[in-house]
Amino acid sequence: MKLLVVGLGYVGLANALSFACLGHEVHGLDLDEKKIALLKEGVSPLEEEGLSQAAKEFKVSYHDGYETAKGHYDAVLLCVGTPAQKDGSCDLSEIHESVECLLKTEGLTFSYLIIRSTVPPLTGRKIAADYHLEGRVISNPEFLRQGKSYEDEHHPERVVVGYGKGYEETQSSFMKELYASLIKEGIPFIETTNEGAELGKYAANSFLATKISFINEIAAIADKIGAKTEDVAKIMASDSRIGGANLGAGIGYGGSCFSKDIPALIRFAEEIGSDYSLLQATDSVNNLTRKRFVLKALKAFKEHKIHKVGVLGLSFKAFTPDVRSSLTVAIVRDLMKDEPFISFFAYDALPSARAQFKNLFPDIPTFEDVEDLLANVEGLMILNDNPLFKEIEEETLLRHGIKVVLDGRNALKKEDFKKVEIIHNC
Ligand SMILES: NC(=O)c1ccc[n+]([C@@H]2O[C@H](COP(=O)([O-])OP(=O)(O)OC[C@H]3O[C@@H](n4cnc5c(N)ncnc54)[C@H](O)[C@@H]3O)[C@@H](O)[C@H]2O)c1
């Protein structure tokens with residue numbers, strides 16, 4: 001098939017490279033000229049292991065505008081961003097802009113418009129009606145996890161497709177052909193309506209976020225009575241109906257998906273006059289969890305007279321450089337507001353995470369080596385799940401005169417530290 005992937009961020013690039021790997025003729029389009037220039041040289045602009053390797057290996061024709069992408073495509077895969085607006089609702093402007101550009105570019109035609117971006121329910125139906133694309137808009141939400149985007153694209157847990165009313169049969173045959181190799185492998189292929197697929201994506205993310213908020217609320221109780229949250233989570237996880245995923249207590253969830261998708265679903269429910277109490281609780285527990293950590297940090301820094309703080313982990317999770325909606329950014333901002341006399345020093349393994357952080361906090365020095373950072377600070381905060389942080393030893397901390405670690409990710413075991421105070425959020 002001949003495919004055009006529009007928007008080459010984490011989702012679009014993983015899609016373009018995976019469909020190219022499966023033997024489709026793939027074109028990729030993004031308005032970011034720098035991104036396209038790198039991709040044309042076989043370099044992934046996103047620092048993720050699988051993407052970097054695949055960008056070298058698989059042939060995709062890249063375009064930095066709609067004019068050069070002229071031709072007929074069996075499908076356009078829409079992968080542009082859907083960020084949050086100020087009130088939490090989903091901003092669909094990139095979706096509308098890209099659809100308008102597709103339709104007004106002479107000589108650019110396509111049979112199906114597949115929406116891979118996360119969009120509120122009813123968006124597919126509205127786009128079909130507003131742009132006279134009835135029978136051609138298919139919802140196909142993406143479920144990949146950043147840090148593993150290319151791997152997840154090849155081995156998804158399911159493929160979800162939603163069709164417009166009255167066009168189920170033709171759209172289904174097309175999508176079954178597109179995903180033939182995954183269906184053959186036995187990967188569940190779930191077919192529903194446009195709005196079923198759109199709501200399914202939000203529901204899955206909201207449920208995962210709710211698990212995180214749930215364990216964080218339990219952690220706050222455990223903290224007050226001296227129970228170990230880790231043990232409580234183990235007890236819960238041993239019940240197969242609950243499962244162990246997303247039961248790690250800490251500082252809450254961040255990142256470019258959960259942070260925007262839960263508020264967007266809340267706003268959508270509100271708009272249609274539906275209840276959203278549980279979603280709202282998930283969101284507010286997440287904020288309280290972060291605030292609890294910030295209060296602990298302020299108290300510890302005051303008690304230990306710490307003015308120089310090292311921040312370990314800048315992106316919202318390990319192995320992706322994405323600093324968008326990273327809790328590290330929110331926590332540093334909170335602390336700066338409440339305690340302006342603290343100086344921060346920041347470490348992340350990935351150069352583009354450091355660069356993005358530097359854009360937000362030009363005055364905070366960034367380090368590519370943990371030891372170099374340790375030499376500058378009196379206290380530490382561990383804020384993402386980079387496994388490297390688990391290897392930090394007491395002897396190293398003592399050598400640098402570090403007295404306290406606010407360990408928001410439970411990377412360090414308190415019992416391994418006799419002289420340095422390790423403070424967890426649970
Ligand atoms: N990042 C994830 O882990 C993830 C996972 C599942 C679903 N999603 C959803 O997928 C969508 C994309 O997410 P992402 O993280 O890849 O976003 P992103 O911001 O990394 O990438 C979006 C890309 O679209 C490009 N773009 C914007 N407007 C354009 C236009 N008019 N024409 C062409 N290109 C344009 C931007 O330059 C950018 O490169 C979002 O809806 C997101 O919620 C993301």
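Two strands are said to pair here if DSSP finds at least two bridges between them. Helices (H or I, at least four residues) and strands (E, at least two) are DSSP runs, numbered from the N terminus. With those terms in hand, here are some notes for a first look.

1. **The ground rules.** This is a predicted model: local features need pLDDT of at least 70, side-chain atom pairs count only at pLDDT 80 or more, and totals for chains, interfaces and linings use all residues. Residues are numbered from 1 along each chain as its sequence is written.

2. Six of the eight residues of β5 are buried, so the strand is largely enclosed by the rest of the structure. Buried means that 20 or more other C-beta atoms lie within 10 Å of a residue's own; exposed means 12 or fewer, and partly exposed lies in between, with C-beta atoms placed from the backbone.

3. **A crossover through α4.** β4, α4 and β5 make a right-handed β-α-β unit. Right-handed means that, with the strands pointing away from the viewer, the path from the first strand over the helix to the second runs clockwise.

4. **Around the ligand.** Which residues come nearest to the ligand? Of the 27 around it, they are Gly7, Gly9, Thr82, Ser117 and Thr118. A residue is near a molecule if its C-beta atom, placed from the backbone, lies within 6 Å of it. By type, the shell has 11 nonpolar, 10 polar and six charged residues. For these classes, Ala, Val, Leu, Ile, Met, Phe, Trp, Tyr, Cys and Pro count as nonpolar, Asp, Glu, Lys and Arg as charged, and the others, Gly among them, as polar.

5. The protein chain is divided into domain 1 (2-187) and domain 2 (192-426), with bounds that come from an automatic or database domain assignment. Taken over C-alpha atoms, the domain centres are separated by 31 Å. The contact takes 29 residues from domain 1 and 26 residues from domain 2, where two residues are in contact if their C-beta atoms, placed from the backbone, lie within 7 Å. On the domain 1 side, α5 (123-130), β6 (137-139) and β7 (159-163) each give two or more residues, and β7 has the largest share, four residues. That side divides into 13 nonpolar, 11 polar and five charged residues.

6. Ala197 sits in helix α9 (residues 194-225). Is Ala197 buried or exposed? Ala197 counts as buried, because it has 23 C-beta neighbours inside 10 Å. Leaving aside neighbours within four places in sequence, the contacts of Ala197 include Ser139, Asn140, Val160 and Val161. Tyr163 is 34 residues away from Ala197 along the chain, and their C-alpha atoms are separated by 8.5 Å.

7. **The six-stranded sheet.** An open sheet with parallel pairing runs in the order β11-β10-β9-β12-β13-β14. Its edges are β11 (366-367) and β14 (421-424); each has a single partner strand, so one side of each is left without a neighbour in the sheet.

8. **β9 within that sheet.** Strand β9 (residues 308-312) pairs with β10 (residues 343-347) in the parallel sense over five bridges, with Leu312 opposite Tyr347. From β9 the chain crosses through helix α13 (residues 327-338) to β10, in a right-handed β-α-β crossover. β9 also pairs with β12 (residues 379-382) in the parallel sense, over four bridges, and Gly310 stands opposite Leu380 there. Four of the five residues of β9 are buried, so β9 is largely enclosed by the rest of the structure.

9. **Two backbone angles to check.** Most residues other than glycine have a negative phi. His132, in the loop between α5 and β6, has a positive phi of about 55 degrees although it is not a glycine. His132 counts as exposed, because it has 8 C-beta neighbours inside 10 Å. Ser325, in the loop between β9 and α13, has a positive phi near 50 degrees. Ser325 is partly exposed, with 18 other C-beta atoms within 10 Å.
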